Amino acid sequence: MSGESATDYIQHHLTNLNLDLTEGTVEPGATGFWNLHLDTLIMSFGLGALFCYIFWLAARQATSGTPGRLQNAVEAIVEFVDKTVSETFHAKSRLIAPLALTIFCWVFLANLMDLIPIDLVPSILSALGVSYWKVLPSVDLNFTFGLSLSVLVLIIAYGIMGKGVGGFFKEFLTHPFGIWLLPFNLVLNLVEFLAKPISLALRLFGNLYAAELIFLLISLLPWWIQWALGTPWAIFHILVVPLQAFIFMVLTVVYLAMAYERH
Amino acid sequence: MNFSATLWGPMISFVLFVWFTMKYVWPPIQQALADRQQQIADGLAAGERGKQELEKAQSEVEAMLRDAREQATEIINQANKRQDEMIEEARAEARAEADRILAAAREEVEQESRRAREELRKEVSSLAVQASSQILKREVDAKAHQDLIDQLATQL
């Protein structure tokens, strides 16, 4: 932070590399719907692709004999996810377990970017002429809501699959107070319905945003004391990073199970 | 921190990644896990089977050994019996042979003695006749020699 004020420094780190779609120019800080956060898109897609590639490598060479290191690690994760899912979602589904695995690994990798020294990537990229770069996709609401809205679509789909179109809407209107309190049911269910994706997205965003902000504040301290706060905070986030990924996965499966199974 | 078209990015990638995982990642790994589970189960079952077979084989071996021992004992007993029989037979035969030889010898002795006696009798008679004729030639006193003749007669 040479010469800039603390506010500018933090502001800079929290600004996406933005592509204005209406004008076709790179314009950080622009508002409106027709903008693309290039850093979020590239980071999230790249991390997801990395997950797919690593797991595909393991799956391609998967053997029932003695597994190698990679297969061991991948199997451990797969079995962990499989166990968690089968404890929650009791019906047979070919989609749920791979979905949970994807969410867990993708969100985990996205959160893991939190542990990269915060000035490392932006300073490398600014030397290459890219002025803004948020390396942590979980700190973009577009990423977390992108995930949670996809989950919402799945919740609706599974609700209809499990209960039929009629059953789904009937539950929406008559649950939990019965047909005579229909408006209350509707409002209640609507709130509950919307609370799911919002809480999913905001929980992830909030946790990682706070983490990132604290790291930024720590990096404002004199260099010789940074380790004293940065190290415990980073160690703490070794816990938070997989925990948030796990929570996102488990809640997704729970929501889908609630939508699918009859009460 | 505002919503923008960026929202579509993660949604589309999400669908893509989930599809990829579902198609190319999950099934092979699950397959490998299931196969390994099957292999381990098979291995354990095979071990159990092997153990049972070993026990069976051991008991078979024991039975065979017992049979063999019994047979050996029987054979030895038979052999002993046969030996006794043979010895008994041989002894009986030898005894019979001895009896036969003894009988033959006795018979021969008997015959021989009978013949000798016969001969002797003949000789004595002729001797007696000779003697008597001699005596008679020398006007014998029959009375005086009567006891001599009697003595001879008793000796025969």
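I take a residue as buried if 20 or more other C-beta atoms lie within 10 Å of its own, as exposed if 12 or fewer do, and as partly exposed in between, with the C-beta atoms placed from the backbone.

**Entry 1: what I am looking at.** I note that this is a predicted model, in which local features need pLDDT of at least 70 and side-chain atom pairs count only at pLDDT 80 or more, while totals for chains, interfaces and linings use all residues. Residues are numbered from 1 along each chain as its sequence is written, and chains are lettered from A and ligands numbered from 1 in the order in which they are written.

Entry 2: I looked up Val78(A), which is found in helix H3 of chain A, where helices (H or I, at least four residues) and strands (E, at least two) are DSSP runs numbered from the N terminus. Val78(A) counts as buried because it has 25 C-beta neighbours inside 10 Å. Leaving aside neighbours within four places in sequence, I find Val78(A) in contact with Leu101(A) and Ile29(B), a contact being two residues whose C-beta atoms, placed from the backbone, lie within 7 Å. I also checked Ala100(A), which is 22 residues from Val78(A) in sequence and 9.7 Å from it in space, C-alpha to C-alpha. Asn72(A) has its place in helix H3 of chain A, but with 12 C-beta neighbours inside 10 Å it counts as exposed. The C-alpha atoms of Asn72(A) and Ala62(A) are separated by 9.6 Å, the two residues being 10 apart along the chain.

**Entry 3: H3(A) against H4(A).** I compared helix H3 (residues 69-88) of chain A with helix H4 (residues 96-112) of chain A, and their axes come within 9 Å and cross at roughly 125°. The axes are lines fitted to C-alpha atoms, for helices over the stretch in contact, and the angles run from 0 to 180 degrees between N-to-C directions. That angle makes H3(A) oblique to H4(A), since angles under 35 degrees count as roughly parallel, over 145 as roughly antiparallel, 65 to 115 as roughly perpendicular and the rest as oblique. I record the contact as made by Val78(A), Val81(A), Asp82(A) and Val85(A) on the side of H3(A), and by Ile96(A), Ala97(A), Ala100(A), Leu101(A) and Phe104(A) on the side of H4(A). By class this contact has eight nonpolar, no polar and one charged residues, where Ala, Val, Leu, Ile, Met, Phe, Trp, Tyr, Cys and Pro count as nonpolar, Asp, Glu, Lys and Arg as charged, and the others, Gly among them, as polar.

**Entry 4: chain B on chain A.** I find 28 residues of chain B in contact with 41 residues of chain A, and those of chain B divide into 19 nonpolar, seven polar and two charged. The axes of H4(A) and H1(B) come within 9 Å and cross at roughly 115°, and these helices are therefore roughly perpendicular to each other. Among the residues that meet here are Leu101(A) and Trp106(A) in H4(A), and Phe17(B) and Trp26(B) in H1(B). The residues of this contact divide into 10 nonpolar, two polar and no charged.

H2(A) packs on H1(B) at an angle of about 5°, with the axes 9 Å apart, which makes H2(A) roughly parallel to H1(B). The residues that meet include Phe45(A), Gly48(A), Ala58(A) and Ala59(A) in H2(A), and Phe17(B), Tyr24(B) and Ile29(B) in H1(B).

**Entry 5: the core.** I then looked at the largest nonpolar core, of 68 residues, in which Ala100(A), Phe104(A), Trp106(A), Val107(A), Leu256(A) and Ile29(B) touch the most other members. Such a core is a set of buried Ala, Val, Leu, Ile, Met, Phe, Trp, Tyr and Cys residues joined through C-beta atoms within 7 Å. The elements that give two or more residues to this core include helix H2 (38-60) of chain A and helix H1 (8-137) of chain B, and H4(A) gives the most, with 13 residues. Leaving aside neighbours within four places in sequence, Ile29(B) is in contact with Ala58(A), Ala59(A), Ala62(A), Val74(A), Glu75(A) and Val78(A).

**Entry 6: chain A overall.** I count eight helices and three strands in chain A, and buried residues make up 36% of its 263 residues.
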